[in-house]
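Good morning, and thank you for the time.

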Amino acid sequence: MPEPSVAPDTTGGEAGHGGRDRLRRAGLLAIGFAFSYGLVLTLLSDVFFWFAIPGLLGLVTVVILTLHLYLHRPFGRAVPYATDGTDRRGPVKHHYAVLTRRYLLIAVVGAALLTAPLVLKTSVAYPLIGVGIVTLGQGTRFWLDQILWMRKCARVLKVYDFEFRSPVQKSNLRSRGRRSLTLGTDGAPRMAAREPLFSDRWPRDIADGVWFAGDEPFGGAILVPDTGELMCMQPENWSVHEKARQQASAERREKAARAGLARQTITA
């Protein structure tokens, strides 16, 4: 059995800085929540009740930012599957499991916030109902987007085996898991990629190479060695490679269709 990959060192370097940044942001969000909640409670006042309006806006903003901070992040620990290109099912199962656990916690917290005022029976707890509604609604929306991208990766890995590609040229890193990169050299197409975890960093040592499953003119998915992240991708300039797709054999076109790569669905 292949050994599980080793998690990146989170005590120093880029990972360490990322962890400290997340803690700092979490602390700022906690302060923002407390301040906004205090403003909302001015509804109980006969004089300063209008302060509740910025308080409500502040609470919604803090909840949305907190959901992003919680959902949009890398694994942060060792993955329980081989990352050497020999396992296609393990990465898919683990990504689904991680995303599901994260959503279950959101659902539990949202339900607790909704029911807390009924249990506590105090007027100062009633704003928690609104916080719970926003948590469940927005958390579900953000999570479903991640699941949809994960399904695209999973569909590719049902069809194609992994092949190693090196080096990886990193181009752009944007929000919500969007990346631009090039696999290998010799005129390889620049790819628009989406990482289902929506993390805000490049996986460690991705420039050294990745495991690619797919067909370059159509697209595919990659597995990052060691850290274990998946990304699905297609050529960033879809029309430039139309001739290559048309000249592909019937077998290649049929495989691309089964993998969901026959038309452009991933853009920069």
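I shall begin with the basis of the model and then turn to the fold, the core and the surface.

This is a predicted model, in which local features need pLDDT of at least 70 and side-chain atom pairs count only at pLDDT 80 or more, while totals for chains, interfaces and linings use all residues. Residues are numbered from 1 along each chain as its sequence is written, and side-chain values use heavy atoms, with hydrogens and water left out.

First, the fold. The protein has six helices and seven strands; these are DSSP runs numbered from the N terminus, with at least four residues of H or I for a helix and at least two of E for a strand. Along the sequence, their pattern reads α-α-α-α-β-β-β-β-β-β-β-α-α. The C-alpha trace spans about 75 × 40 × 30 Å along its principal axes.

Now the interior. Of the 268 residues, 44% are buried; buried means under 20% relative accessible area, exposed over 50%, and partly exposed in between, with a 1.4 Å probe and protein chains only. The largest nonpolar core has 47 residues. Such a core is a set of buried Ala, Val, Leu, Ile, Met, Phe, Trp, Tyr and Cys residues joined through side-chain atoms within 4.5 Å. Leu157, Tyr160, Leu230 and Leu261 have the most contacts inside this core. Among the elements that each supply at least two residues are helix H1 (13-40), helix H3 (89-120) and strand E7 (230-235). Helix H4 gives the most, with twelve residues.

Finally, the surface. Patches here consist of residues with over 30% relative accessible area and no salt bridge, with like charges joined within 9 Å and nonpolar side chains (Val, Leu, Ile, Met, Phe, Trp, Tyr) within 5 Å. A salt bridge requires a side-chain nitrogen of Lys or Arg within 4 Å of a carboxyl oxygen of Asp or Glu. Accessible areas come from the Shrake-Rupley method with a 1.4 Å probe.

Which residues form the patch of positive charge? They are Arg151, Arg155, Lys158 and Arg263. Lys158 lies in the loop between helix H4 (127-157) and strand E1 (163-165), and it counts as exposed because its relative accessibility is 70%.

A nonpolar surface patch comprises Leu43, Phe48, Phe49 and Trp50, with about 460 Å² of accessible area together. Trp50 sits in the loop between H1 and H2; at 49% relative accessibility, Trp50 is therefore partly exposed. Leu23, in helix H1, counts as exposed at 65% relative accessibility.

Key:
Lys, Arg positive; Asp, Glu negative; His and termini not counted. Charge placed at Lys NZ, Arg CZ, Asp CG, Glu CD.
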